[in-house]
Amino acid sequence: MLDYASLKVIWWLLVGVLLVGFAIMDGHDMGVGTLLPFVGKDDTERRVVINTVGPHWDGNQVWFITGGGAIFAAWPLVYATAFSGFYWAMLLVLWALFFRPVGFDYRSKIDNPTWRSVWDWGLFVGGTVPPLIFGVAFGNLLQGVPFHFDNNLLSTYDGSFWGLLNPFALLCGVVSSAMISFHGGVYLAHLTEGEIQQRAQRWVRVTGLVWLAGFTLAGIWLALGIDGYVISSAVQANELPDPLAKTVSRVAGAWLGNYQRWPLTMLLPATGYLGCIAAMLLLRNGRSFAAFWASATGLAGVIGTAGISMFPFVMPSSSHPASSLTVWDSVSSQLTLQLMLVATLIFMPLIIVYTRWAYKVMGGKVTAAYVRENNHSAY
Amino acid sequence: MLDNVVDLSRLQFAVTALYHFLFVPLTIGMVWMLVIMEAVWVMTGKQVYQDMTRFWGKLFGINFALGVTTGITMEFQFGTNWAYYSHYVGDIFGAPLAIEGLMAFFLESTMIGLFFFGWNRLSRKQHLLVTILMAIGTNLSALWILIANGWMQNPVGAEFSYQTMRMEMTDFAALLFNPDAQAKFVHTVSAGYVTGAMFVLSISSWYLLRGRNVEFARKSFRIAAAFGFASICSVIVLGDESGYTVGEAQQTKLAAIEAMWHTEPAPASFNLLAWPNEKRMENDWQLSIPWVMGLIGTRSVGKQIPGIHEIMAQNRLRIQSGMLAVQALESLRRDRNDSAASKVLEAHKQDLGFGLLLKKYTADVATATPQMIDAAARDTIPRVAPMFWSFRLMVGMGMAMLLLFGWSFWASLKGDFQHRPRLLKLALCCLPLPWLSCELGWVVAEYGRQPWTIYGVLPTRLSVSTLSVESLYGSLAGFVGFYTVLLVVEMMLMVRFARQGPGSLGTGRYDHETAH
C-alpha cells in the first residue's frame with residue numbers, strides 16, 4: 001500500500017489533472033460562449049456556434065462538478081476555506097453558471113429575436129465570468145489569501161471581496177480569460193467553416209497574443225515582485241494533517257525555488273508557451289484538430305506552472321502564514337485518499353472512453369444546413 | 001426577523017434544496033418512462049413510440065436544465081455556507097459526492113447530449129442504449145447523494161480524531177450499506193418515479209379531455225398508469241421500511257412525527273390525528289389507534305418505542321457525558337500529549353456531539369448549569385407540530401395517489417379510460433401532489449434531524465461558515481431573485497410545449513403543428 005506522503009502527492013497531481021481536464025473540456029465550451037456574440041452575426045450563425053458544443057457542454061461541465069467534489073473529498077480544509085473565504089466570488093461563478101443550462105436548452109425553443117439575444121448574452125456571461133474569476137482566484141492564491149484558523153480549525157476570512165481584485169490577480173484573470181477564449185476559438189475553427197471559421201481564427205490570433213504577453217508579464221511579476229512562502233519548520237509529510245503544527249515564512253523569490261530544485265519542472269512554463277504557439281501555427285496550416293490538442297497542452301502548461309510554483313502550498317495565508325494550507329496538512333485521511341484514488345482509477349478511463357465515443361458520434365462540421373435540418377432537435 | 005448567520009444559512013439551504021428538489025424527482029422518474037417508450041419503439045417499430053420518446057423527452061429536457069442549474073448550487077453551498085461542516089465531516093461526506101460525479105454525473109450528462117442530438121447519428125439500438133445509460137446515471141446519482149444524506153441521519157463507519165479535529169472514515173462498506181441510506185434511496189427514487197408517471201398521466205389526460213392526439217395520449221396514459229401504480233405501491237411499502245429504520249437510528253424523529261410524548265407499554269398506539277402542544281409537551285387532544293405504532297415501528301408486539309420525554313431524559317445523560325468529552329478535547333487541543341484527557345475523550349467520545357450542544361448556551365462547556373443542560377436536552381427534540389403535520393400530509397397525498405393510479409391502471413386495463421372524463425379530470429387535478437409530497441418528505445427528513453447536521457455528532461449551529469449577516473442577506477436575495485425568474489421562464493416553456501403537444505416535434509403527424 002502507498003504511504004500517506006505519496007498519497008498526498010498523488011492527490012495533488014490528481015486535483016491538477018481534474019483542473020486541467022476542466023480547462024480543456026469545459027474550457028472550450030466556455031470559450032465558445034465568450035466568442036458567441038462576436039463570431040455569430042445572425043441567428044443562424046449563432047445557432048451554428050452553439051451547436052458545436054450543444055451535445056457536449058453538459059458532460060463537460062461535470063469536470064467542474066467532479067473537481068469540486070474531489071477537492072471536498074481530498075482537501076476538505078481547502079474546500080471549506082476557499083469556498084467560504086471567496087464567498088462572493090464563488091457566488092458570482094455560480095450565478096454566471098446558471099445561464100448555461102437554461103441558455104443552451106431554452107434559447108432556440110422560442111423564435112423571438114429578443115428572447116434569443118438575451119440568452120446569447122447569458123451564454124456569454126456563463127462562459128466568460130467563471131474563467132475570469134478562476135484566474136483572479138489563482139492570482140490571489142499566488143500572493144497568499146488573508147485567512148486564519150482558530151484552535152478548532154474554524155476558518156475565518158480576514159479580507160474583503162474587493163481585496164481580491166488587485167492588479168496582479170486581475171492580470172491572472174486576463175491570462176485565464178484569454179486562454180479559455182483562445183481554446184474555444186480553436187475548437188470553433190475546427191468545427192465550423194466559412195466566415196464563422198475565419199472570425200474564430202482572428203479571435204485565436206488576438207487572444208493568443210494576449211495569452212503569451214500576459215503569461216510573460218505575470219511570470220516576471222511573480223519572480224520579481226511577489227513574495228513566496230516556505231515552510232520554516234520541519235516538513236512532516238507522513239504525519240496526520242494539522243495545518244497549525246508548522247511555521248511559515250514569506251521569502252522573496254521563493255516561488256522560483258522548485259524550478260531550481262527540480263529543473264525539469266521548467267518544462268511546464270515552456271509548455272505554456274509552446275502549446276499556444278504551436279496551436280496558432282497548426283491552425284494557420286489548417287490542422288485544426290492538432291491545434292486543439294496543442295492548445296490543450298498549453299492550458300496544462302500554464303495551470304501546471306501555477307501549481308508547481310506554489311508546491312507544496314495550496315492556499316497560503318497572507319495574514320497568518322502559519323495557517324497556510326499545504327499538500328501535507330489539508331488532506332483527508334489515508335483511507336479516504338486511497339478509496340478515492342481507486343474510484344478515480346476505475347472511472348476516469350471509462351469517462352474518457354465514452355466521452356470520446358460521444359464526440360465521435362457527433363463529429364463533423366456544424367453548418368447552417370445542419371441547423372436547418374435539425375430545427376426541432378438542435379439548440 | 002432572522003438576525004443570525006445560522007438561521008439565515010439554514011433558510012438559504014432550505015430554499016435552494018427545496019427548489020432543486022422541484023426538478024430532480026421528475027428527472028429521476030421520467031427518464032425510465034423514456035426508456036420504456038423507446039424500448040417499445042425499438043421492439044415494435046411503431047413510429048408513435050419514437051414520437052412519444054421525443055416529445056416527452058423535450059419536456060424532460062426543459063426540466064433537466066433547471067435540475068442541473070440548481071444542482072451546482074447544492075455542491076457549492078457546503079463549502080460557501082457550511083465550511084465548518086465541510087471540514088468536520090468532509091473526510092466521509094465528500095467521498096460519495098466525488099464518486100457521484102465520477103460514476104453518475106459524467107454518465108448522465110454525456111448521454112443526455114447524445115439522447116437529444118444523436119437521433120440521426122445512432123442506430124435504434126444504440127440510441128436505446130444511450131437512453132438506458134442516461135437513466136442509470138440519473139438513478140446512480142440519487143444513490144450516492146442519498147448515501148451521503150443517509151450518513152447525516154445515521155453516521156456509521158466513522159470516528160472522531162482529536163489530532164485532525166474531525167470525523168474520519170473507518171469503514172467505507174458501513175457507509176455504503178447504511179440501512180438508512182438504502183431505505184432512503186429506494187423510497188426517494190420511487191417517489192421520483194411517481195412524479196414522472198403523474199406528469200405524463202396528467203398531461204395525457206388533458207389531451208384526452210380535449211380529444212387531441214388521442215392515440216398518442218392513450219398510449220402515454222397507459223404507460224404512465226402502469227408505471228405509476230407500481231411506483232406508488234413501492235413508495236408506500238418502502239416508506240414504511242424507512243419508517244422502520246428511523247425507528248432504529250433516529251427515534252427522536254419518529255417520536256416527533258408521531259407526537260409521542262410518552263413511552264407507552266408495547267405495542268404503542270398510533271396517533272391518527274392530534275394537536276401537539278409544544279409548551280406543555282403534551283397533545284391537547286389525540287385520536288389514537290391501539291397497537292398500530294408498535295407494529296409499524298418495531299415489527300414486534302414486545303418492543304417499546306421511546307416517547308419524547310424519555311428520549312430527552314436519555315439525551316440529558318448523554319449531554320452530561322458529552323461535557324466531559326468536550327473538556328477533554330479542549331485540553332487535548334492545547335496539549336496533544338495529555339494522556340489523561342485522551343483517556344477521558346476515548347471513554348466519552350460517543351457523546352461528544354451532545355456536549356457540543358451546550359455551546360449554544362456557553363463558550364465554556366465545563367461551567368454549564370443544570371438549566372443549560374435542561375435547555376440543551378429540550379433542543380434535541382425537533383418542533384413536533386411541523387413534523388406531525390408534514391408527515392400526515394405526505395402520507396395522505398400518497399394514499400390519494402394510490403387511489404388515482406389504482407383507478408387509472410384498472411381503467412387502462414379495461415381500455416375505456418378516454419371515455420371517463422371524471423377520471424381524466426381527477427388525474428389532471430392531482431398533478432401537483434407528487435411535488436408537494438416530495439417537498440414534505442424533505443421537510444420530514446431534514447427538519448426532523450434538527451438540531452443536528454450530523455445526527456448526534458455535529459450541531460447545526462456549529463456547522464456554518466464565518467460570514468456576516470449582510471453577506472447572507474445578499475446571497476439569499478440573489479438566490480430568490482434568480483430562482484424566481486428561472487421558475488417563471490421554465491413554467492412558461494413547459495406550459496407552452498405541453499399545450500402544443502407532440503405537434504411541436506414538427507413531424508406532420510399531430511395536431512397543432514408548428515409552421516416550418
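The crossing of α11(B) and α12(B) is left-handed (a crossing is left-handed if the near helix is turned anticlockwise from the far one by less than a right angle, and right-handed if clockwise). This is a predicted model, in which local features need pLDDT of at least 70, side-chain atom pairs count only at pLDDT 80 or more, and totals for chains, interfaces and linings use all residues. Residues are numbered from 1 along each chain as its sequence is written, while chains are lettered from A and ligands numbered from 1 in the order in which they are written.

Two packed helices are described by the angle between their axes and the distance between the axes. Axes are lines fitted to C-alpha atoms, for helices over the stretch in contact, and angles run from 0 to 180 degrees between N-to-C directions. Helices (H or I, at least four residues) and strands (E, at least two) are DSSP runs, numbered from the N terminus. The table lists two helix pairs.

| Helix pair | Angle between axes | Distance between axes |
|---|---|---|
| α11(B), residues 308-334, and α12(B), residues 339-348 | about 145 degrees | 8 Å |
| α4(A), residues 76-85, and α4(B) | about 145 degrees | 8 Å |

In the pair within chain B, α11(B) contributes S321(B), G322(B), L324(B), A325(B), A328(B), L329(B), S331(B) and L332(B), and α12(B) contributes A341(B), S342(B), V344(B), L345(B) and H348(B). Residues are in contact if their C-beta atoms, placed from the backbone, lie within 7 Å. This contact of α11(B) with α12(B) comprises eight nonpolar, five polar and no charged residues; Ala, Val, Leu, Ile, Met, Phe, Trp, Tyr, Cys and Pro count as nonpolar, Asp, Glu, Lys and Arg as charged, and the others, Gly among them, as polar.

The pair between the chains, α4(A) and α4(B), has a right-handed crossing. Here P76(A), L77(A), Y79(A), A80(A), T81(A), F83(A) and S84(A) of α4(A) meet A83(B), S86(B), H87(B), G90(B), D91(B) and G94(B) of α4(B). By class, six residues of this contact are nonpolar, six polar and one charged.

Across the interface, 61 residues of chain B are in contact with 60 residues of chain A. On the side of chain B that touches chain A, α3 (47-81), α4 (83-117), β2 (166-169) and α18 (469-500) each supply at least two residues. The most comes from α4(B), with 24 residues. This side of chain B divides into 32 nonpolar, 23 polar and six charged residues.

Helix α1 (residues 4-39) of chain A has 36 residues and reaches 50 Å from its first C-alpha to its last, close to the 52 Å expected; the expected span is 1.5 Å times one less than the number of residues. A kink of about 45 degrees in α1(A) is centred on G27(A), the bend at a residue being the angle between axes fitted to the seven residues ending there and the seven starting there. In chain B, the end C-alpha atoms of α15 (residues 384-414) are 45 Å apart, which agrees with the 45 Å that its 31 residues should span. G415(B), with a positive phi near 85 degrees, follows α15(B).

Most residues other than glycine have a negative phi, and most peptide bonds are trans. M165(B), not a glycine, has a positive phi of about 60 degrees and is found in the loop between β1 (158-161) and β2 of chain B. A cis peptide bond joins A266(B) and P267(B), with omega about -15 degrees. Another cis bond joins Q450(B) and P451(B), with omega about 10 degrees.

The mean pLDDT (the predictor's confidence in each residue, from 0 to 100) is 96 for chain A and 93 for chain B. The complex has an ipTM of 0.95 and a pTM of 0.95 from the predictor.

Note on methods
Contact = placed C-beta atoms within 7 Å.
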